[in-house]
Protein chains: 2
Amino acid sequence: MKYANTMARSSSKSDDPDGSIYLKRLRSPRRGGRSDWYCARLIAFRLLVFLSLALVGCSATAPLQESSRPSADASATDPLPSWNKTAAKKAIVDFVQRTTTTGSADFIPPAERIAVFDDDGTLWIEQPAYVQFVFALQRLQEMASQHPEWHREEPYRSALAGDTAHVFASNGEVNATKLIMATHAGMSTDQFAAQVHDWLATARDKRFNRTYPELVYQPMLEILSYLRANGFKTFIVSGGGVEFMRGFAGRVYGIPPEQVIGSSIQYQYRIIAGKPTLMRLPILENMDDGPGKPITIQRVIGRRPVIAFGNSDGDLQMLEWTTSAPGARLGVIIHHTDAVREYAYDRTSKVGRLDKALDAAPLNGWIVVDMKQDWNRIFPGN
Amino acid sequence: MKYANTMARSSSKSDDPDGSIYLKRLRSPRRGGRSDWYCARLIAFRLLVFLSLALVGCSATAPLQESSRPSADASATDPLPSWNKTAAKKAIVDFVQRTTTTGSADFIPPAERIAVFDDDGTLWIEQPAYVQFVFALQRLQEMASQHPEWHREEPYRSALAGDTAHVFASNGEVNATKLIMATHAGMSTDQFAAQVHDWLATARDKRFNRTYPELVYQPMLEILSYLRANGFKTFIVSGGGVEFMRGFAGRVYGIPPEQVIGSSIQYQYRIIAGKPTLMRLPILENMDDGPGKPITIQRVIGRRPVIAFGNSDGDLQMLEWTTSAPGARLGVIIHHTDAVREYAYDRTSKVGRLDKALDAAPLNGWIVVDMKQDWNRIFPGN
């Protein structure tokens, strides 16, 4: 789900009204061991999770409040004031000092200081549903008036009526895929960027009554700045759609588009009315999750990171790939432990499940950040 | 050809001894209008060109010499001393000054100063054959002793014997693909990088008696440095294999791996003897040529470049995509016009054909650099 989308649903004269291009693709194996079918299942599963949650309502709606305030001893010069003085902070600062001090045995040349970050659940909120899922369903509602056929055709009819049970009653994965493609493909890259921009500026999370770019983690913003100040180049490597994330990564995280890596759909180069245009096709290009993360890291960055931050089992291979390389390496897992200020979830969560990676952490020397204990604030400004 | 590689030919127990994975892939449409079949044809065509040239010998073997020396008036502070004071140089310098001077109507903020460069024929030599083609065929010879079956099986047998006519007599494209996969896949990314590194350090071009990294264009090295000194971020966007180019782009061009974009094969993430490994599979991931260039630019860089340098029809869409965007834009074509110091070729060449893009240049305001007239030296140090 987190990657792609709308068929040219804006025109019922679409060349592929039934999604057969995508379905054909689903059936052809690719990516050596990770088939489209696998990706589609993963996507569909995630969408299913969201829709189910939307259907049953979210019980974790505790009011926004803080369990602790910034610690009084955070000096004005502390680059990480939202981090309590616990072992996690100490280990991170120690790593940065060891690897950036000339003459240190662990010194890493500036060019090799590559740090990668998952996005959902690591840099910003992912509960009760991935933000991009919320975008997809709201887009579906917004687009419905131009698609009278959706009120007759499944799975659009049920999705618009909120009857997600029916959407997933049979052919759930195919149906989920159709909903996704209906909202993320069929337009130019410029048009999609404008839609994302507009949505991010206005859509609000119900529990926190904030726009989503305001639901980034302040301690992680500090980590990004701190690392960049020490010569690290910061990249996002996320299952989220690359163009969706680029809609806010620059102004919110300070990460330019060329350092945002994510899932993507295929593009087609066309000259439209004399103007070169890239159209977004309803065909998955790559799913940047799990073992897909080391793969895109190698393809796009071309060298192994020295630091990786993640929060779920989807980050397991990225953490392995980063920290198993020779030399000083840092792996960090953000563990959501604060139901009062944010959410508490791990091994049994359907969104952002953290199970295998939590077991792997002590074996690999990864730091597990306890949000409740290690962070004295969660979001900017509170 | 310019992208991928060896099946696990080092083991006759390969899971896919007949290349059926690749062939299956060839038959499935993808990339919205650019099928693998198209890519394979392009690749095979290029390899065919090379093999044909190798077969008939290269007649353009004029001795290395210079037709002109650096102009006497090139001052010590001139950032482009290998460029003669012609209109091309003036236009490039004028563009950089206009777009980087605060207060200029054409000023471009530093973050948006993205410059993209084709590699083969733009930054380094591509005649009489793409360098990566030479690598592939030499690797085939080197690997032959470990593959006794190649002396019995086609197309390896004919290729090793230099009988390229037989290789292409029937099923030429499939045969070419097999030769390519035999040399670029079936090993880990680290192993391939080591092979490329070793080959580039020793292999020499016959005409110039230089290693290939010594056959880069000095005037283009100056352009790269000049642009970076003016805040431009320089990227390679080439049909060449991304991992092959990374083998020299850093030390020769000053372009880090994360700014090298090229054709690629698929990777598979595996834990081998407890060690995370990325294996190179004999399956094309993307062909970064022609309309593929704007596509990878959008996917990886995420914004439109303001400067593009190319030299062949494979760069046409990249130049279009770059210069049709609003604001000041610069498109440059390197025209190979110097048979004495390098090579002279354009509309009818089978390697690096420049035909449609040459016609498009005046219509789009692209600068056409005449190597013979505009450059006072070709390679570093001569």
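Visitor: How many bridges join strand β1 of chain B to strand β4 of chain B?
Guide: This is a predicted model, where local features need pLDDT of at least 70, side-chain atom pairs count only at pLDDT 80 or more, and totals for chains, interfaces and linings use all residues; side-chain values use heavy atoms, leaving out hydrogens and water. Residues are numbered from 1 along each chain as its sequence is written, with chains lettered from A and ligands numbered from 1 in the order in which they are written. Helices (H or I, at least four residues) and strands (E, at least two) are DSSP runs numbered from the N terminus, and two strands pair if DSSP finds at least two bridges between them. β1 (residues 114-117) and β4 (residues 233-241) of chain B run parallel, and the number of bridges joining them is 4.

Visitor: Which residue of β4(B) is the bridge partner of I114(B)?
Guide: The strands β1 and β4 of chain B run parallel. Within β4(B), I114(B) has as its bridge partner K233(B).

Visitor: Which strands of chain B stand at the edges of the sheet?
Guide: The open sheet has 7 strands with mixed pairing, in the order β6-β5-β4-β1-β7-β8-β9 (chain B). Neighbouring strands are turned by 30° on average, direction ignored; axes here are lines fitted to C-alpha atoms, for helices over the stretch in contact, and angles run from 0 to 180 degrees between N-to-C directions. Two strands each have a single partner, so one side of each is left without a neighbour in the sheet: β6 (275-286) and β9 (367-370).

Visitor: Which element gives the most to the lining of the largest cavity?
Guide: On a 1 Å grid over the protein atoms alone, a cavity is a set of points where a 1.4 Å probe fits but cannot get out, and lining residues have an atom within 4 Å of a point; points are joined across faces, edges and corners, and a volume is the space filled by probe spheres set on them. There are 7 cavities of 30 Å³ or more, and the largest has a volume of about 370 Å³. Of its 27 lining residues, the closest to the centre are T296(A), R299(A), V300(A), R299(B) and V300(B). With 5 residues, the element giving the most is α11(A).

Visitor: Where does P128(B) lie?
Guide: Most peptide bonds are trans. The bond joining Q127(B) and P128(B) is cis, with omega about 0°. The place of P128(B) is the loop between β1 and α4 of chain B.

Note on methods. On a 1 Å grid over the protein atoms alone, a cavity is a set of points where a 1.4 Å probe fits but cannot get out, and a pocket is an open set with protein on both sides within 12 Å along at least five of seven lines; lining residues have an atom within 4 Å of a point.
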